[in-house]
Amino acid sequence: MPAKQKRKEEAEQQSKKRAKEEEPAQQPATAEAEEAEEAGPTPVQFLENQGGLKASDIKLLMDNGFFTVESVAYAPRKRLVEIKGLSDAKVDRIKVEVDKIVPLGFCTARDYHEARKNQLSITTGSRELDKLLGGGLETGSITEIFGEFRTGKTQLCHTLCVTCQLPIEKGGGEGRALFIDTEGTFRPQRMRDIAKRYELDPDDVLDNIAYGRAHNSDHQNQLLVQAAAMMAESRYALIVVDSATALYRTDYTGRAELAPRQQHLAQFLRALTNLAEEYGIAVVISNQVVATPDAMPGTTPLKPIGGNIMAHASTTRLFLRKHRGENRICKIYDSPSLPEGEAFFAIFEDGVGDARD
């Protein structure tokens with residue numbers, strides 16, 4: 001939209017004063033990538049001098065994790081009122097100005113269909129797995145991958161951190177990756193091996209991956225606030241959380257803490273969803289499983305943890321299980337658009353690829 005592009009250009013001029021991170025080694029080189037950047041979120045600095053809002057008001061928003069106009073638009077009013085220094089009247093003015101920029105009403109199904117055509121898909125490294133997923137990993141939503149240990153969850157996450165940096169015509173997203181590690185399984189050497197497979201410079205690939213080690217569930221949430229600030233400055237194509245639930249299983253124990261655990265988890269997943277929608281990035285979360293001894297014959301005795309909170313937050317859910325040797329099986333467990341099906345893939349020294357006989 002011409003009006004939105006004009007607003008974005010003005011906002012970018014205002015944000016030039018801020019220090020920017022080093023640009024990724026692979027700059028968007030295609031018309032598709034440039035179009036994706038133009039359609040990106042509007043920096044919150046654009047609100048300065050709009051409706052009487054001052055630079056100090058914008059700083060308060062940014063200090064509380066609001067770096068785009070869209071993030072302000074999606075937040076409930078009570079979240080803004082809780083910010084010390086913003087009065088009720090000031091929050092009302094902010095909401096008025098935000099509503100002028102971010103469309104929050106209805107559109108036709110046809111318009112939404114056309115918008116979804118522009119969504120990118122990121123290759124998994126396996127043609128059969130990409131085919132199962134309708135072209136690759138969907139951007140703009142959360143994809144959950146769950147399974148037992150050694151089923152390929154972390155290996156798939158590592159591979160995606162490299163493939164998301166590929167050009168769009170090669171199945172990539174031409175952007176950086178952000179990896180939140182809750183189990184200590186991140187291995188940079190794996191990224192280097194995978195980078196060589198795609199003829200990418202290993203050092204450049206590592207430079208384009210932001211890594212954060214989460215030590216508790218609160219810290220896990222705090223890292224998302226930092227992630228929002230980083231994505232407002234540079235182009236990212238992927239967020240990985242490996243795994244999303246591990247710390248919750250240790251920080252909250254017993255039935256007495258089940259309700260606060262689920263509420264905290266829901267807030268974390270909501271923040272991930274907002275980032276996916278604001279920046280049009282792919283979000284991948286791995287999840288652990290729990291055995292169900294009372295499972296009916298013919299059904300799987302394993303189920304992902306997190307309950308209905310996790311089930312509703314994840315757009316696509318993938319169930320991984322072991323097969324012979326290095327081969328694995330991926331099953332569409334739940335998806336609003338993909339039919340139920342399975343695909344074989346394998347884990348090699350250079351990442352995830354097609355299964356071999």
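**Charged pairs and their surroundings**

Guide: Let's start with Glu 277 and Arg 270, which form a salt bridge whose closest N and O atoms are 3.9 Å apart. The term salt bridge stands for a side-chain nitrogen of Lys or Arg within 4 Å of a carboxyl oxygen of Asp or Glu. Before we go further, please keep in mind that this is a predicted model, in which local features need pLDDT of at least 70 and side-chain atom pairs count only at pLDDT 80 or more, while totals for chains, interfaces and linings use all residues. Residues are numbered from 1 along each chain as its sequence is written, and side-chain values use heavy atoms, with hydrogens and water left out.

Back to our pair. Glu 277 is partly exposed, at a relative accessible area of 44%, and Arg 270 is also partly exposed, at 43%. Here buried means under 20% relative accessible area, exposed means over 50%, and partly exposed is in between, with a 1.4 Å probe and protein chains only.

Searching the whole structure turns up 12 salt bridges. One of them joins Asp 92 to Arg 77, with 2.9 Å between the closest N and O atoms. Asp 92 sits in helix H6 (residues 88-101) and Arg 77 in helix H5 (residues 77-81), so this pair ties together parts that are 15 residues apart in sequence. Helices (H or I, at least four residues) and strands (E, at least two) are DSSP runs, numbered from the N terminus. Asp 92 is partly exposed at 38%, and so is Arg 77 at 36%.

Another charged pair is Asp 203 with Arg 192, whose side chains meet in a salt bridge of 2.8 Å, N to O. Asp 203 belongs to helix H11 (residues 202-207) and Arg 192 to helix H10 (residues 188-197), so the link ties together parts that are 11 residues apart in sequence. Asp 203 counts as partly exposed at 43% relative accessibility, and Arg 192 is partly exposed with 24%.

Now for the surroundings. The protein has 15 helices and 13 strands. An open sheet of 9 strands runs in the order S5-S4-S6-S7-S3-S10-S11-S12-S13, with mixed pairing. Strands count as paired if DSSP finds at least two bridges between them. At the edges stand S5 (209-213) and S13 (351-354), each with a single partner strand, so one side of each is left without a neighbour in the sheet. On average, neighbouring strands of this sheet are turned by 25 degrees against each other, direction ignored; the axes behind this angle are lines fitted to C-alpha atoms, for helices over the stretch in contact, and angles run from 0 to 180 degrees between N-to-C directions.

Within this sheet, strand S3 (residues 142-147) and strand S7 (residues 282-287) run parallel and are joined by 5 bridges. Ile 145, for instance, has Ser 286 of S7 as its bridge partner.

What about the rings? There are 6 aromatic pairs, where rings of Phe, Tyr and Trp (its six-membered ring) pair if their centres lie within 6.5 Å, and planes under 30 degrees apart count as stacked, over 60 as edge-to-face and the rest as tilted. Phe 146 and Tyr 333 make an edge-to-face pair, 4.9 Å centre to centre with 90 degrees between the planes. Phe 146 is buried at 1%, whereas Tyr 333 is partly exposed at 37%. Together with Phe 319, these two residues form one aromatic cluster.

A serine comes next: Ser 217 lies in helix H12 (residues 217-231) and is buried at 3%. Leaving aside neighbours within four places in sequence, Ser 217 is in contact (heavy atoms within 4.5 Å) with Leu 247, Tyr 248, Asp 251, Tyr 252 and His 264.

As for cysteines, the structure holds 0 disulfides, a disulfide being a pair of cysteine sulfur atoms within 2.5 Å. Cys 157 is in no disulfide, and the nearest cysteine sulfur, that of Cys 161, is 7.1 Å away. Cys 157 is buried at 0%, while Cys 107 is exposed at 51%.

Finally, the whole protein: buried residues make up 50% of its 357 residues. Of the contacts with a separation of 6 or more, 67% are between residues 24 or more positions apart.
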